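User: I would like to learn how to read aromatic rings in a protein model. Please take me through the one shown here.

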Amino acid sequence: MPRTEPLPEFEDLAPPDRFCDLILTGGVTSAIAYPGAIFALASFYRFNSIGGSSSGGGAAALAAAAEYRRRHGSCEGFRLLARKTDDLANQVDGKTGLEWLFQPARQHRRIFTALVPGVAAPAGKPAELARGFLKAYWFCIAAGLVLALVAVGLLTDHVSGLAFVAFVASAVLLSLIALIGVLVYDLKRVVDYDFGMCSGTDKVEGAPRAPLTVWLHELIQDIADRPHDAPLTFADLASAPGSPKEVINDCAASGASAITLKMFTANITHGRPYLLPQEADDPQADPPLYFRPCELLKLFPEAVVAHMKKHSTRCNEATPVVLPAGARPKGAARADVPACELTEDEALWLLPREQLPIVVAARMSVSFPVLFTAVPMWTLDTTTQSHRFRRCLFSDGGLCANFPIHLFDSPVPAWPTFGIALHEVPWKQKTDSQREVKCAEVMRDAISLPEDHREGVDDRWNGFDYEEHAGDRLFGFAAAVIGTMKDWNDATLSRLPGVRDRVVNVGLRPGIGGLNILMTESMIRCLGETGVEAAKTLLARFSRGSTPGGMAQGWNEHRWVRFNVLQRCLSETLKGLGWAASQNRHATPLREQIRDAGEQGPLIERGPGQGQADPTCQLLPAQAAVLEGVLDVLLDAERALNGTRCEQPYKPSPRPNLRIRPPM
């Protein structure tokens with residue numbers, strides 16, 4: 001039923017110079033918690049940088065669209081975000097709006113019907129899975145019974161105990177054979193559909209709601225007040241009014257961007273994460289991607305693909321395009337075709353970077369395996385002597401970084417970067433599992449934020465080993481193994497000082513959020529209210545003045561902790577630098593090497609002159625002076641940080657350290 005009480009009005013109390021960044025964790029349907037949190041935070045802060053992964057990436061795109069509209073003079077985007085997402089709790093034709101977002105393609109409805117009850121169930125997953133398969137594949141059992149009855153009737157002249165046993169055994173065997181055969185057929189069709197059941201654009205006949213990608217695109221456009229305009233892009237966000245450079249004269253390069261949006265996706269072909277939009281300044285580290293319109297038209301509205309082509313260039317090289325089995329045209333004589341010979345819709349087009357519609361990045365981030373089809377992109381394979389274009393499949397960003405809290409970090413931040421982490425906690429229902437949820441009961445002890453820098457270091461506990469039934473323990477163990485593999489980095493980082501005190505943790509009981517697309521109206525609304533309470537917890541610590549100057553003590557403490565963490569990291573990193581730089585055993589001392597680099601390049605030339613000094617790396621006198629000055633500064637810093645016995649009273653725990661790694 002529709003909401004009985006009205007949604008709260010949005011009151012914009014955020015001054016133009018009060019920014020925050022926001023990181024949202026993934027969790028499929030758990031993202032229902034985010035619109036309320038975004039609504040509450042936006043009342044006091046302006047979003048400068050927003051990031052997320054999986055469904056958190058989709059919610060980040062909606063937040064960016066609402067902030068974009070505010071920067072153009074209207075707060076209606078936040079009100080629309082709250083109203084449209086609250087509508088997902090309403091029942092339409094026997095399903096909630098949330099459930100209507102997940103519409104399988106026609107050929108996958110049977111296996112979708114079989115899997116959904118099991119993955120959505122908070123407990124008793126094996127039994128629910130069996131019940132789902134029985135509902136979806138009942139005809140296999142019926143066929144087995146009929147065939148067994150016919151077979152036994154033909155082989156025996158009268159009813160006997162032996163005939164009955166033969167009938168039961170035949171029925172079981174034939175039903176099992178039929179089930180396996182149909183299931184293999186259905187799974188093959190999922191594989192041929194890029195390993196997913198829902199494209200995000202396929203709509204069930206007569207469905208009253210749009211599927212996920214169409215719904216997300218239309219909502220982004222409506223929130224941004226561009227319902228009939230070109231798709232909202234990363235360039236539109238960056239060029240909006242009110243950038244930090246414009247408002248507070250922020251001299252950092254990132255300050256020129258009004259709204260920065262970043263989302264993780266997983267290139268499962270390469271086995272590593274990609275950050276969207278791609279950076280343009282290092283193509284070697286982040287190679288350009290290409291798309292084929294004929295493939296993306298199956299996953300995105302036509303207007304989105306048309307915009308991508310308009311802001312792209314077609315690849316007209318003779319480089320071969322290697323078409324995988326599932327992507328070859330019927331009757332194709334060969335697997336590799338020169339790029340220049342492909343038709344316009346089959347050709348490769350360079351994926352836009354800043355002009356990429358944000359809905360494309362969001363869909364690439366939320367592609368939960370098997371539930372959603374992977375998104376195909378193409379890139380140049382340079383691992384062999386003859387280069388060729390090959391297909392890459394992009395899946396859920398949460399496979400690599402489900403909670404990228406490190407995004408937008410700086411050693412001493414000018415404004416806070418908030419994180420909202422949603423995770424499942426063990427919870428035992430004392431009554432029937434289908435009863436209506438009492439939101440106060442769910443939120444009790446579910447929301448936690450350290451009150452000061454000393455708290456929040458404790459690990460989370462996974463209670464799968466305490467489940468009563470062996471099947472639940474098995475499913476829980478498997479989920480814990482997968483979760484550990486993909487989330488260990490995020491979980492470790494979230495325990496550090498300067499991180500844990502800005503992350504509000506929301507513990508969700510089993511059945512709330514996650515893969516439960518069958519949540520009831522009360523569950524969905526409860527999850528939304530939980531997000532609001534999580535945001536209020538952050539606001540209470542970081543935005544409400546508790547000092548005579550009106551500064552929030554929590555924000556002051558956070559900056560102090562971050563500064564001391566930086567001091568400790570630099571101390572450990574620079575320790576021994578002077579000794580190592582001056583070593584002349586089997587190497588030239590670093591200062592001498594800098595001075596010699598003006599006459600002879602320090603790097604070795606590749607190609608025809610291999611083994612000789614590379615003249616392009618020779619330093620000009622000014623360049624050498626800069627490097628020598630940097631070395632002097634670092635040596636002075638080492639002495640200042642490690643040359644005194646006067647230790648600082650604050651000692652971060654766990655002890656942090658600095659590491660050099662590729663950007664991600």
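**Reading the rings**

Analyst: Start with a cluster: ring pairs link Phe-10, Phe-39, Phe-47 and Phe-78. This is a predicted model, where local features need pLDDT of at least 70, side-chain atom pairs count only at pLDDT 80 or more, and totals for chains, interfaces and linings use all residues. Residues are numbered from 1 along each chain as its sequence is written, and side-chain values use heavy atoms, leaving out hydrogens and water.

User: What counts as a pair, and how many aromatic pairs does the structure hold?

Analyst: Rings of Phe, Tyr and Trp (its six-membered ring) pair if their centres lie within 6.5 Å. Planes under 30 degrees apart are stacked, over 60 edge-to-face, and the rest tilted. The structure holds 15 aromatic pairs. Take Tyr-45 and Phe-418: their centres are 5.3 Å apart and their planes at 75 degrees, so this pair is edge-to-face.

User: Are Tyr-45 and Phe-418 buried or exposed?

Analyst: Buried means under 20% relative accessible area, exposed over 50%, and partly exposed in between (1.4 Å probe, protein chains only). Tyr-45 is buried at 3%. Phe-418 is buried too, at 0%. For a tilted pair, look at Tyr-137 and Phe-139: 6.3 Å centre to centre, with 40 degrees between the planes. Tyr-137 is buried at 1%, while Phe-139 is partly exposed at 27%.

User: Which charged residue lies over the face of Tyr-45?

Analyst: A charge sits over a ring if NZ of Lys or CZ of Arg is within 6 Å of the ring centre and within 35 degrees of the ring normal. Here, Arg-18 lies over the face of Tyr-45, 5.0 Å from the ring centre.
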